[in-house]
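Subject: Structure handover

Hello,

Here is the structure for you to look at. My notes follow below it.

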Amino acid sequence: MEDRTTEQLAQDYSAMGDSISLITDVIAGNAMAGEPAEDRQDCVDRNTQHLELMKAKTDWGSESMTATDAAISAGNGYTAS
């Protein structure tokens, strides 16, 4: 696998932040509140999987993964109702 450029790393890290925000907002009821439980669950599952895949990349450097770890944990523990 080819290492990502600095710009790609920044873009990927930003996208991870978007997933973190969406997971957090859906779980808190601040996003997709009017959507069916199945859609909310699918959204959280997809974004959690995205974070897991991105975190597994080995070329991150010194970027903090604290918020990523918290969102992955919350997403894996979430069950829409």
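The notes cover helix packing and then the core.

This is a predicted model: local features need pLDDT of at least 70, side-chain atom pairs count only at pLDDT 80 or more, and totals for chains, interfaces and linings use all residues. Residues are numbered from 1 along each chain as its sequence is written, and side-chain values use heavy atoms, without hydrogens and water.

Helices are DSSP runs of H or I, at least four residues, numbered from the N terminus. Axes are lines fitted to C-alpha atoms over the stretch in contact, with angles from 0 to 180 degrees between N-to-C directions.

α2 (residues 37-55) and α3 (residues 66-77) cross at roughly 140°, their axes coming within 9 Å. In contact (heavy atoms within 4.5 Å) are, among others, Val44 and Leu51 of α2 and Ala71 and Ile72 of α3.

α1 and α3 pack at about 40°, with axes 10 Å apart. They are therefore oblique too. Met16, Ile20, Ile23 and Ile27 of α1 meet Ala67, Thr68, Ala71, Ala74 and Gly75 of α3.

Now the largest nonpolar core: buried (under 20% relative accessible area, 1.4 Å probe, protein chains only) Ala, Val, Leu, Ile, Met, Phe, Trp, Tyr and Cys residues joined through side-chain atoms within 4.5 Å. Of its 16 residues, Met16, Val26, Leu51 and Trp60 touch the most other members. α1 (6-28), α2 and α3 each supply at least two. The largest share, 5 residues, comes from α1.

Beyond four places in sequence, Leu51 contacts Met16, Ser19, Ile20, Ile23, Thr68, Ala71 and Ile72.

Best wishes

How values were computed:
Buried < 20%, exposed > 50% of the residue type's maximum accessible area, 1.4 Å probe, protein only. Parallel < 35°, antiparallel > 145°, perpendicular 65-115°, else oblique.
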